[in-house]
Amino acid sequence: MPEILIRNARHLLTMDDAGTETTGTDIRLRDGIIAEIGTGLATTGEVIDAATCVVTPGLVNTHHHLYQTLTRAVPGGQDALLFGWLQTLYPIWARFGPEEIFVSAQIGLAELALTGCTLTSDHLYLYPNGARLDDTIAAAGEVGLRFHPTRGAMSIGESDGGLPPDSLVEREAAILEDCIRVVDAFHDPRDGAMVRVGIAPCSPFSVSRDLMRDAALLARDKGVMLHTHLAENDEDIAYSEAHFGCRPGQYAEDLGWTGDDVWHAHCVKLDTTEIDLFARSRTGVAHCPCSNCRLGSGIAPVRAMRDAGVKVGLGVDGSASNDAGSLVAEARQAMLLQRVARGADAMSAREALRIATRGGAEVLGRHDCGQIVVGKRADIALWDVSGIESAGSWDPAALLLAGPPRVRHLLVEGRQVVRDGQVVTFDLDAAIKRQNALVRRLENIL
């Protein structure tokens with residue numbers, strides 16, 4: 001792999017243990033890792049001029065449903081709460097197949113890349129008409145992002161009192177069999193892995209207690225991580241108390257769903273006891289502030305979680321409940337919501353950016369990512385602060401207060417995915433046209 005030298009960064013935010021920040025810094029990338037950091041470095045390889053750029057680790061997205069980029073702003077779901085929103089969208093998703101899953105993942109991954117993301121998880125929990133997790137993994141390979149897909153599932157359909165239509169649920173034995181297949185086929189536990197696979201039943205109200213327990217046992221047998229939705233809104237809490245006789249945190253602990261190898265999405269309604277449980281057990285949280293606002297779920301107690309020692313990362317969530325997939329916008333929203341809830345000093349721009357980078361990497365168990373430190377992976381975002389968004393800023397590193405919404409350059413494993421503000425790994429314009437054609441086809445069918 002050719003050497004790349006990022007030269008003369010206007011400002012470097014390393015996200016190392018000391019929170020080191022420097023100016024006029026060079027970064028040498030070699031064989032997918034950060035090989036050297038200093039000044040006046042020379043190279044015979046490619047040089048990227050960073051004189052007008054703030055340089056950060058690549059952002060990390062800890063929760064997404066990539067397939068939902070095909071269902072943005074669906075009229076019947078625009079103003080619905082979570083359960084009603086799901087009931088509007090399930091019939092549309094039931095029409096998807098492998099092409100829809102692949103193309104929507106391409107678009108969603110490109111959108112993440114343009115907004116600074118180098119590593120993303122994905123929670124795919126429905127597999128209609130022959131779709132497989134393999135479809136999203138193929139898309140990630142084309143786009144070039146580091147990928148942590150999770151094999152989700154739903155097993156309780158409408159005929160059994162669940163929310164999803166029966167056509168979108170699977171037999172639990174078949175779910176576990178396919179979990180084994182995708183882990184064996186794609187999971188790479190090594191440092192620098194481009195693909196790791198997790199196991200992720202959709203939610204406590206869409207699968208059985210047995211599947212939740214069996215999924216945890218299987219994941220630990222295979223050495224992979226666990227993911228699900230938890231405590232997302234008041235309806236979620238009421239369902240847990242009515243059906244399980246306890247709050248979601250207790251339900252998770254009883255079934256083996258706490259620990260350093262588990263992360264839960266949303267957790268808007270965790271109480272102090274559950275926050276303490278997550279802190280003690282090192283259970284991670286994917287905070288999705290824009291989606292939580294869009295669905296009226298509430299403001300997650302991120303300040304309390306962080307103060308207690310809970311691992312917190314950010315997630316854009318699906319584009320059907322966010323209508324966008326910008327991770328840098330998510331970081332700004334996280335900062336603003338904590339200030340609304342707790343005061344203007346509740347969260348700084350730098351802390352929110354740290355959650356979006358190193359925080360997310362720690363939630364996903366990727367200690368090889370999330371920092372610009374010698375020996376870490378060469379996943380780096382360059383933000384050009386010479387434009388109108390940063391004009392007049394006294395602190396170029398305060399990107400979330402006055403910074404560009406898109407990156408100028410993005411490197412993953414030392415390879416450029418975004419160059420001069422354009423995705424360069426595949427034909428994005430053609431993918432957008434293909435996606436829009438799929439939307440029109442779905443509209444005509446429905």
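Of the 446 residues in this protein, 61% count as buried. The model is a predicted one, and the values that follow are computed from it. The secondary structure comes to 13 helices and 19 strands.

The overall dimensions come next. Along its principal axes, the C-alpha trace spans about 65 × 45 × 40 Å. A compact globule of 446 residues would have a radius of gyration near 22 Å, and the protein, at 21 Å, agrees with that expectation. Contacts can also be sorted by sequence separation: among those between residues at least 6 apart in sequence, 76% join residues at least 24 apart.

The surface and the charges can be taken together. The accessible surface comes to about 16000 Å², and 50% of this area belongs to carbon and sulfur atoms. There are 42 positive and 59 negative side chains. The centres of these two sets lie 4 Å apart.

Turning to the aromatic side chains, the structure holds 9 aromatic pairs. One of them is formed by tyrosine 67 and tyrosine 125, in an edge-to-face arrangement with 5.8 Å centre to centre and 85 degrees between the planes. This pair links distant parts of the chain, its two members being 58 residues apart. Tyrosine 67 sits in the loop between strand S8 (59-61) and helix H1 (82-93), while tyrosine 125 sits in the loop between strand S9 (117-124) and helix H3 (133-143). Both tyrosine 67 and tyrosine 125 are buried. Another edge-to-face pair consists of tyrosine 239 and phenylalanine 244, at 6.0 Å centre to centre and with 75 degrees between the planes. Tyr67 and Tyr125 also belong to a cluster linked by ring pairs, together with Trp85, Tyr90, Trp93 and Phe96.

The loop between S8 and H1 also contains threonine 62. Is threonine 62 buried or exposed? Its relative accessibility is 0%, so threonine 62 counts as buried. Leaving aside neighbours within four places in sequence, threonine 62 is in contact with residues that include Ser121, His227, Trp263 and Ala286. Gly313, Leu314 and Gly315 are also among its contacts, as are Gly360, Val363 and Leu364.

Alanine 73 lies in that loop between S8 and H1 as well. Alanine 73 has a positive phi of about 55 degrees although it is not a glycine. Most residues other than glycine have a negative phi. Methionine 15 also has a positive phi, near 60 degrees. Methionine 15 is found in the loop between strand S2 (11-13) and strand S3 (21-22). With 7% relative accessibility, methionine 15 counts as buried.

A last stop is cysteine 179, placed in helix H4 (residues 172-186). Cysteine 179 has a relative accessible area of 2% and is therefore buried. Which residues does cysteine 179 contact, leaving aside its neighbours within four places in sequence? They are Arg151, Ile199 and Leu218. The C-alpha atom of cysteine 179 is separated by 8.7 Å from that of alanine 215, a residue 36 places away along the chain.

Key:
Residues are numbered from 1 along each chain as its sequence is written. This is a predicted model: local features need pLDDT of at least 70, side-chain atom pairs count only at pLDDT 80 or more; totals for chains, interfaces and linings use all residues. Side-chain values use heavy atoms; hydrogens and water are left out. Helices (H or I, at least four residues) and strands (E, at least two) are DSSP runs, numbered from the N terminus. The radius of gyration is taken over C-alpha atoms; the globule rule is 2.2 Å times the number of residues to the power 0.38. Buried means under 20% relative accessible area, exposed over 50%, partly exposed in between (1.4 Å probe, protein chains only). Contact means heavy atoms within 4.5 Å. Accessible areas come from the Shrake-Rupley method with a 1.4 Å probe; for residues, only the protein chains shown count as cover. Lys and Arg count as positive and Asp and Glu as negative; His and the chain ends are not counted. The place of a charge is taken as NZ of Lys, CZ of Arg, CG of Asp or CD of Glu. Rings of Phe, Tyr and Trp (its six-membered ring) pair if their centres lie within 6.5 Å; planes under 30 degrees apart count as stacked, over 60 as edge-to-face and the rest as tilted.
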